[in-house]
Amino acid sequence: MPQATVFAATIAGVEALPVEVQADVTSGLPGFGIVGLADTAVLEARDRVRSALRAAGFEFPNARVLVNLAPAPLRKHGTGFDLPIALAILTATRQIPAGLTAGSSAVGELALDGSVRSVAGTLAYALAAARCGHDLIGPGGALAAARAVEGLTCHRLDVLQELRTGFSALPVVAHYCSGGFTEPDLLDVAGHAGARRVLEVAAAGGHNLLMVGPPGSGKTLLARRLPGILPQLDDAERLASALVHSVAGLDEAPLLAGRRPFRAPHHTCSVAGLAGGGSPPRPGEMSLAHNGVLFLDELAEFSPSALQTLRQPMEDGSLTLVRAEGRVRYPARFTLVAAMNPCPCGFLGDPDRTCDCADGIIRRYNTRVGGPLMDRMDLVVRVDRIDPDLLLGAEQGESSSVVRERVLATREFACRRGGLSSGLSGAALLDACRLTGATSRLFTETARRHHFSGRAVTRVLRVARTLADMDAEKRVSAAHLAEAVGYRGWENR
Amino acid sequence: MKSPARHAIALGDAAYPACLRDLSEPPRVLYVIGSPELLVPGLGVIGARKATPYGLTTARRFAGWAAAAGVTIISGAAVGCDMAGQLAARSSGGSTIAVLGCGADVDYPSGSADLLQDLRSNCAVISELPWGSPPSRWTFVRRNRIIAALSAALLVVEAGLPSGTFSTADFALDLGRDVLAVPGAITHPESRGANRLIRQGATPITDVSELGDALRLAGLDVEFAQEAAQLTLPSGAIERALLAEAQRPDDLARALDCDVVTIARRLGELEMGGNVVRYRDGRYGFVAAR
């Protein structure tokens, strides 16, 4: 019977869901139909496949061709179905042996000349194939990323003509090569002793950070140096972060090499740009910063509705988009680093410049960020313009590598103790802090005086726990708490 | 609740406050909500809207003390020093009058609405503008002359440069009222105005006994009032440095040749204890007893 099945997949969220491409070639009025909730890009495959097969010297059957994408109720997106459809038709018409595609998943877009192009989300397709125990067939460009998936056999197919000679097997590389990239170094930052300390705390504990200061004081300079003092991504993180980039059609190679994502969307970024969205849904900046740093410069200039979408992911580490066609979940565990001016003119509190902003305007400017978001800022630090003497003088801070060694040691201590403090809450957090009676009373009193919310109490304790980790101490002392309270923002006291 | 009494007092009326007649252009009609008998010469307490904790503390300290001593506090109910002084006067059980640059029944600025409601019921809110007049830029400068005229003495607690408080001080000098000013650190931009007033001849006020003397000189009856708590001098190097001048942690670390972690922890402790406050601009300053 002239039928054949080839495995493929379609992307939903950051996952590729397995799809079977079934081709049925029967005699009758010649035609080519695709059924199974395919979107326009998939339906256009008909024309591409027809031309590509002919260009590659194969024959497009002069018969009734029906392609079914199963499971039928699942919506299918994208041009990655071109190759599996072509393979299914070739197998059904016996132009290639059935064994060639058995046990394989295929993904690739066809050009009219028969060459195969890579599509976004290769890594997701590779993971789906590995999960189903399949090999992956695809173009060479795309398979570079797929090699990061352990135990997956890849078959390279750059032009359809190669089907006559069989696939060229790719060498299997279990781990993607590490390193090979440089981050901006803290050596370039003169002065800013307080801000450097806070940056180190943020790196050590994965805490959110807000820098407030006049324009040109070095906020962006400092923020860009955070990835350089963070440890490289570990194997699981590499795959998770690269997956989001792959699905979004961005280069995943640096992430697979261990580089932390650093995303700095412009402040005109929309809600969908930050949280993800569109049809089909694409991950937003928050998800692209998964396991890395999301840097929002000029925080108060972002649209309030976009900013408020940050709130849930900052607590949960993921976000779920619910749309008419279904719900998708994107990972979004990031360290938020934000920067803003103290007032619209930017010079409030600058010793040499006068601020012309009216009091009400300053208050309104600061409320743009909103209490709930401010409440989620673990560390708030003022960054001031530094003296030109200091800027050009000999005083030089530590380099990123020195700071990173300390951050690594802190994280190691935290892991031995029971995990990074940013992941702790409730009883587990209190347990980890081991406050003495006196320290506990002092903190309760402070919390009452400053009207801390429950969340504020948790976040201060987390920062205090990280500070104790930095000192390699098992118990959080009053000094740690005092420093943590000092890093709390002043708007939300 | 009964709404507070409204009065419109014309220039010729017996109830018209005599001190306002000193003005070259006294208000033809004074619109009052509250008790018109409170409109006697008192102590004007004014200062910057963008106040630092230092300005707010001194406003509270002096206005609270003077009000407890039976002196009426006159001010403009603006956000910042004005409001801090008037709230302190109320909480120490004294009386205080708000002079507005809009109709006396208008809640402006909106941040002072609660204070104004309280004053209408228990003290007095006055204006020379008819009921319901909206605020505008020039009405506030005109309003300042009424504050100056009602004040036997005018205390400027904190003023930067340039500052609206200067127009009130100028009116007060023209009327022959005593001008008092609280000095601030010479390094603070927020204190330049008050320090300049002192250079121009205003009486510096550094504690409540000096304020008492100044008020008596201005012809006000000052009843015995409890001295405010004596300031206990702090001992540590950080505290002493902060007492001299509000500073940023980084500058403090450099000045004391100390690492930022020690500074951050000590500042945090002092802040938790309520001895030190963080200014809006990131500096830390010492707080005297309230």
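B:Arg265 and A:Glu483 reach across to each other in a salt bridge, 2.6 Å from N to O (the rule being a side-chain nitrogen of Lys or Arg within 4 Å of a carboxyl oxygen of Asp or Glu). Keep in mind that this is a predicted model, where local features need pLDDT of at least 70 and side-chain atom pairs count only at pLDDT 80 or more, while totals for chains, interfaces and linings use all residues. Residues are numbered from 1 along each chain as its sequence is written, chains are lettered from A in the order in which they are written, and side-chain values use heavy atoms, with hydrogens and water left out.

**Where chain A meets chain B**

- Between chain A and chain B there are three salt bridges, plus 10 residue pairs in polar contact, both at pLDDT 80 or more (N or O atoms within 3.5 Å; within protein, one must be able to donate a hydrogen and the other to accept it, and residues adjacent in sequence count only if both atoms are side-chain atoms).
- On the chain A side, α6 (193-205), α15 (359-367), α20 (437-449) and α22 (478-486) each put in at least two residues (helices are DSSP runs of H or I, at least four residues, and strands are runs of E, at least two, numbered from the N terminus).
- The top contributor on that side is α22(A), with seven residues.
- By class, the side of chain A that touches chain B has 15 nonpolar, seven polar and 12 charged residues (Ala, Val, Leu, Ile, Met, Phe, Trp, Tyr, Cys and Pro are nonpolar; Asp, Glu, Lys and Arg are charged; the others, Gly among them, are polar).
- In all, 34 residues of chain A are in contact with 23 of chain B (heavy atoms within 4.5 Å).
- About 2,400 Å² is buried between the two chains, 54% of it from carbon and sulfur atoms (accessible area, 1.4 Å probe, lost on putting two parts together, summed over both).

**Two domains in chain B**

- Chain B splits into domain 1 (6-229) and domain 2 (237-286), with bounds from an automatic or database domain assignment.
- Their centres, taken over C-alpha atoms, sit 33 Å apart, and each domain gives eight residues to the contact.
- The two domains of chain B bury about 550 Å² between them; on the domain 1 side, B:Pro53, B:Thr187 and B:His188 lose the most area, together 59% of what that side buries.
- One salt bridge crosses this interface.
- B:Arg283 forms a salt bridge with B:Glu190, with the closest N and O atoms 3.1 Å apart.

**A sheet in chain A**

- Five strands make an open, parallel sheet in the order β12-β15-β18-β11-β19 (strands pair if DSSP finds at least two bridges between them).
- Strand β11 (residues 209-212) runs parallel to β19(A), joined by four bridges; A:Leu209 has A:Leu379 as its bridge partner there.
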